[in-house]
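Work through the exercises below with the structure open. Each task is followed by a solution in steps.

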Amino acid sequence: MASYPRDFRFGGFVVSLIWLIFWILIIVALVGLPLIFIILFYVPLPEVDGEVLTPYLFLTSILYPQSAIPVIETLLDTTFFKVAVFPGFTYAALIAAATIFIERKFLAKMQLRVGPLYAGKIEGILQLLADGLKLISKEIIIPSGSDKLIFWSAPIAFVATAAAVVALIPAAPGWVVADIDVGLLAVFAILGFFPLIALLFSWASNSKYPFIGGLRALHQLIAFEIPFILSALSVVILSGTLNLTEVVESQIQSYWFIFFLPISAFVFYISSLAELERIPFDLPEAEAEIVAGWLTETSGMIYGLLQLGSYIKTYALAALFVILFLGGWAGPQIFPAEIIPESAEAIIPVSELYEQTDANAAFWFTLKTFGVIMLMLLPRGISPRIRIDILLHTGWYKLIVLAFINMFVALALIYGGVLGPGGLLVR
Amino acid sequence: MTSIEEKFEESKRLGLQIVKESEEDRLMTLSVGPQHPGSGHFRFVIKVDGDYIVYCDPDPGYVHRGEEKMCEYRNVIQNIPHLERPVIHDSANITYSYSLAVEELVGIEVPRRGQFIRAIASELNRQVYTLYWLAIYGIFLGHSTMFMWPTGDREVIIDLLEALTGARVTHAFNIPGGVRNDMPEGFRDRCLSQIRYLQKRFKEYEDIFYNNPLFRQRTEGVAVLSKEDAIKLGVTGSVVRASSVPFDVRKAEPYDIYNEIDFKVQYMKTGDCFARSYVPLLDMQESCYIIEQLLDKMPASGEVRAKLQPNPKGPPGESYRRVESGRGALGYYIVSDGTPKPYRVKISVGSFRNMLALPYLLFGKRLADMPAVYWSLNYWPVEADR
């Protein structure tokens, strides 16, 4: 990155900088500002202490900390914050990035090597940044004869669908982007899009190896959706609701469902490995047989988007496992009630931003999600790849039978009065 | 499905194309070519009917360098560095066979200590090659740990070879007349301790890789090569030993001091991919015992190399000698016309003969079995192309 062209002239460089500033000013003044005003005309602004938060009020109030805190509090409650920061895209993307890095290091230690070491001073921590920059700077090669519309839009649809699943996951009580009463059903409905995207993208690649990979992806993802849904069905029987927040609430009232439904949890875990196309189920991208499967023709940022979507899906399914079986955000209270004691008369009321239950819920949820993600990374160092006929046999015969067994156990628990409303084990 | 089985039943011939012309457009032709993560530097064309392979045509020659022709322009000592390039991991064995043939041609007597050191280098290189082969087998099955562990353990033996010969991989150590230099001080103890470490690791490989249920599912019962077919096809090395034919050149035609070493020929009776992948591990364990015996029986001192004239040449004639390399019987047929440069050198490698079994074994198998079957034939593309 330190090379410059041979005929470098400093004067030309300064002139190009001035042109850049000129164009930035033109675009901001003629395009950006009108757009902002149009948006602000239509978007309903939140209220701060009874006053509508106009940009003028925002700019004047952030001057002084004591007036900025109520503004920040209001902003924390908006839907935009939930979508963009927590538990929405930023949170999911950070966990995805941490997952990628931890996966490479963890796998390396299992394989008697070190993993990324040189990017960044501490144990290669900037490796992801380097990989992201590399992917952005690479040329995107579109095969001739491919369907350009689908080729460009399928990776974006992949990330969007994965983000839609993230939108339904509650990370703390009250912190969910879309609080739907049939949340679990919506999750499965959205998950049904992925085989379609894989098949469309492989067909649009116009090449033999992606074609084989896409068919394998279709077979695999569809075959494992049924045990997936059946294992979650036993949770629905025990909790009596499809709303994900209420599933966690019912686990807080009794005990974690994994103690009653261990087989379902196991089936859910195996099915989610298959849905994520992780080893040992990575047939759609089997390297030795079909080069890279349905990802063969991807390059540059298209590949980056598909990997991002894949890891966001990993977070989503791991979070779903935590919510359904591991009690969501339940955990002992380890945060103090007030971070700054006796702050009733503080000039800068920072402690009003801190909420003990939310912090505790977020902490335990993140910890458990990371635990499940590590469990999902583990088979990568242990097993070879499974073959398609063994995979379909396992998915259709063995897993469905196991899921049914646990469903009968759940029904017995409900009818026996052990769980459910007024049950023996309900606190 | 039944049409595939009918075709398989009606055709017992070896790898012939038996699809009727009218059904040709149902098949998809895949070129598992040199630019493929699943084939090494080797190209084979397969035709696939759905998920089943109905035709396979190996197309070697991507890495052909003209080794045999190059031998005719160099004298017998100058041939050693380029002759070990066809299989760099097993370089001691491919030059061992050449040295034996040249010694028979020119009439050189190798001193006893040199014979022992040559055998030690040969066994160490056999293990280096087999560990690398095992690592690539793991990659082909999608098991990345099975790639990392053997490659890491290979470093142990490569360090030994570096101490012994001065170079890690292509060391040009075996020459006609013996070996280039003697063992360094303390090599014997170091070698024995590393052999103990390797024997411990082979037990771990058995537990983690070979007893893995997924590995067994993918390799057990797949592509069975019966004993008669193995002999008819002329395969060699671990492939034929996995089909219950206990043939090992070190026992059948012992060369150098191998008739003084007591070891068993490891073989298995099932002939499927699992047997072909397990026999090399047994060979490596046997190799460890051989190295221990060699280090014990070696004479304490002596010459390691026979003194040769500057351009060694012998009377006109021909010679054929072969050794057991990592892939099978590796033979050299050298014709000399009385000048220092050989008139004709013909190298007969095990890989090329094992390649014959590939179309025969791949017929009727699934596409997912293709890497498992292909690599289990212990095929090294560079060696087959020479």
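**Exercise 1. Strand pairing in chain B**

Task: In which sense do β2(B) and β3(B) pair, and over how many bridges?

Solution: In this predicted model, strand β2 of chain B covers residues 43-49 and pairs with β3(B) in the antiparallel sense, over 7 bridges. To locate the pairing, take Val48(B), which stands opposite Ile53(B) in β3(B).

**Exercise 2. Two helices of chain A**

Task: Classify the crossing of α10(A) and α14(A), and state which residues meet.

Solution: Helix α10 (residues 208-239) and helix α14 (residues 301-325), both of chain A, have axes that come within 10 Å and cross at roughly 30°. Angles under 35 degrees count as roughly parallel, so α10(A) is roughly parallel to α14(A). From α10(A), Phe228(A), Ser231(A), Ala232(A) and Val235(A) meet Leu317(A), Leu324(A) and Phe325(A) of α14(A). By type, the contact residues are 6 nonpolar, 1 polar and no charged.

**Exercise 3. The interface of chains A and B**

Task: Describe the interface by residues in contact, buried area and salt bridges.

Solution: Start with the residues: 27 of chain A are in contact with 31 of chain B. The two chains bury about 2,500 Å² between them, with 59% of it on carbon and sulfur atoms. Between chain A and chain B the count is 2 salt bridges. One of them joins Arg387(A) to Asp369(B), with the closest N and O atoms 3.0 Å apart.

Terms used: Residues are numbered from 1 along each chain as its sequence is written. Chains are lettered from A and ligands numbered from 1 in the order in which they are written. This is a predicted model: local features need pLDDT of at least 70, side-chain atom pairs count only at pLDDT 80 or more; totals for chains, interfaces and linings use all residues. Side-chain values use heavy atoms; hydrogens and water are left out. Axes are lines fitted to C-alpha atoms, for helices over the stretch in contact, and angles run from 0 to 180 degrees between N-to-C directions. Helices (H or I, at least four residues) and strands (E, at least two) are DSSP runs, numbered from the N terminus. Angles under 35 degrees count as roughly parallel, over 145 as roughly antiparallel, 65 to 115 as roughly perpendicular and the rest as oblique. Contact means heavy atoms within 4.5 Å. Ala, Val, Leu, Ile, Met, Phe, Trp, Tyr, Cys and Pro count as nonpolar, Asp, Glu, Lys and Arg as charged, and the others, Gly among them, as polar. Two strands pair if DSSP finds at least two bridges between them. Buried area is the accessible area (1.4 Å probe) that two parts lose on being put together, summed over both. A salt bridge is a side-chain nitrogen of Lys or Arg within 4 Å of a carboxyl oxygen of Asp or Glu.
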